[in-house]
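Good morning, colleagues. Please take a moment with the sequence and the model before I take you through the fold.

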Amino acid sequence: GVGDSVDYAFFKFCYIDIKEDTDVQRVFATYKKVLDSLEMRFPNTTFMHVTVPLRVAQTGIKVFIKKLIDIPIGGYADNVKRNEFNQLLLNEYGETGLVFDLAKAESTFPDGSRQTFESNGESYSFLIPAYTHDGGHLNKVGRVVIAEKLLLFLANAINTTDQ
C-alpha cells in the first residue's frame with residue numbers, strides 16, 4: 001500500500017551486483033522493464049535512478065608489472081562492467097535530471113579530477129581509495145562526500161519535478 005503515497009523512490013544496486021561475468025545488457029533491460037512497469041503502476045511517484053557504486057582498482061608498480069606479464073589487474077574487470085552498466089543508465093535516463101551518479105561522485109576528487117584506469121584503450125572510473133576502508137564500502141570521509149552530493153542531487157531533483 002505504500003506505493004500510492006510515495007512521492008519519490010529510487011533503487012540502488014550494490015557493487016557486488018555487477019561483476020566481470022555480468023551480462024549488463026540483460027540486467028539493464030530487466031531494470032528498464034521493471035521501472036517502466038512501476039512508473040505505469042504508480043504514476044504519481046517520481047522514480048529516480050542511481051549508478052552502480054565502484055570499487056578501488058589496483059594502482060602503482062604492481063599494475064605496471066602485471067601489464068608487462070599480461071596478468072589481470074585487480075579491480076579492472078568488475079569496474080569495467082559497472083562503468084558499462086552506468087553508461088546504459090545515463091544514456092537512458094540522464095537527460096531527465098533524475099540520475100544520481102554515485103559512481104561519478106565516488107571517483108571525483110575535491111578538485112574535480114577523476115580517479116580512472118585504462119583498459120583496452122578505454123578510460124574507466126574507480127573508487128577513490130581515500131573514500132574507503134576496505135576497497136568498496138565508504139569510510140567516514142567517503143560517506144560525508146557522498147551524502148553531501150546525494151542531498152544536493154535530491155534537492156535539485158525535487159525542485160525540478162515540483163515545478
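Predicted model: local features only at pLDDT ≥ 70, side-chain atom pairs only at ≥ 80, totals over all residues.

Strand E2 is largely enclosed by the rest of the structure, because five of its five residues are buried. Buried here means under 20% relative accessible area, exposed means over 50%, and partly exposed lies in between, with a 1.4 Å probe and protein chains only. Helices (H or I, at least four residues) and strands (E, at least two) are DSSP runs, numbered from the N terminus. Residues are numbered from 1 along each chain as its sequence is written, and side-chain values use heavy atoms, with hydrogens and water left out.

To return to E2: Thr46, Met48 and Val50 point one way from the strand, and Phe47 and His49 point the other way. In a regular strand the side chains alternate between the two faces of the sheet.

Which strands make up the open sheet, and in what order? There are three, in the order E1-E2-E3, and their pairing is parallel. Two strands count as paired if DSSP finds at least two bridges between them. The edge strands, each pairing on one side only, are E1 (8-11) and E3 (99-100). E1 and E2 are joined by four bridges, and Ala9 has Phe47 in E2 as its bridge partner.

Helix H1 (residues 24-41) lies across E1 and E2 and runs at about 160° to E2. For that angle, axes are lines fitted to C-alpha atoms, for helices over the stretch in contact, and angles run from 0 to 180 degrees between N-to-C directions. Contact means heavy atoms within 4.5 Å.

A search of the whole structure finds twelve aromatic pairs. Rings of Phe, Tyr and Trp (its six-membered ring) pair if their centres lie within 6.5 Å; planes under 30 degrees apart count as stacked, over 60 as edge-to-face, and the rest as tilted. One of the pairs is Phe13 with Tyr31, tilted, at 6.2 Å centre to centre and 40° between the planes. Phe13 is in the loop between E1 and H1, and Tyr31 is in H1, 18 residues apart. Phe13 is buried at 13% relative accessible area, and Tyr31 is buried at 7%. Tyr31 also pairs with Tyr93: the ring centres are 6.3 Å apart and the planes stand at 75°, so this pair is edge-to-face. Since Tyr31 lies in H1 and Tyr93 in helix H3, the pair ties together parts that are 62 residues apart in sequence. Tyr93 is buried as well, at 6% relative accessibility. Phe11, Phe13, Phe28, Tyr31, Phe85 and Tyr93 form one aromatic cluster.

How does the span of H3 agree with the number of its residues? The 18 residues of H3 (residues 76-93) should span 26 Å, at 1.5 Å a residue, and the end C-alpha atoms are 25 Å apart, which agrees. The expected span is 1.5 Å times one less than the number of residues. The buried residues of H3 include Tyr76, Phe85, Leu88 and Leu89. Asn83, also in H3, is buried at 15% relative accessible area. Leaving aside its neighbours within four places in sequence, Asn83 is in contact with Leu54, Tyr124 and Ser125.

Next, the nonpolar cores. A nonpolar core is a set of buried Ala, Val, Leu, Ile, Met, Phe, Trp, Tyr and Cys residues joined through side-chain atoms within 4.5 Å. The largest has 16 residues, of which Phe100, Tyr131 and Ile146 touch the most other members. E2, helix H4 (102-106) and helix H5 (140-161) each give two or more residues to this core, and H5 gives the largest share, four residues. Apart from this core lies another, of 15 residues, among them Phe42, Phe47, Val52 and Val99.

Finally, a residue in a loop. Asn120 sits between strand E4 (116-119) and strand E5 (122-125). Its phi is near 50°, a positive value in a residue other than glycine. Is Asn120 buried or exposed? Asn120 is exposed, with a relative accessible area of 78%.
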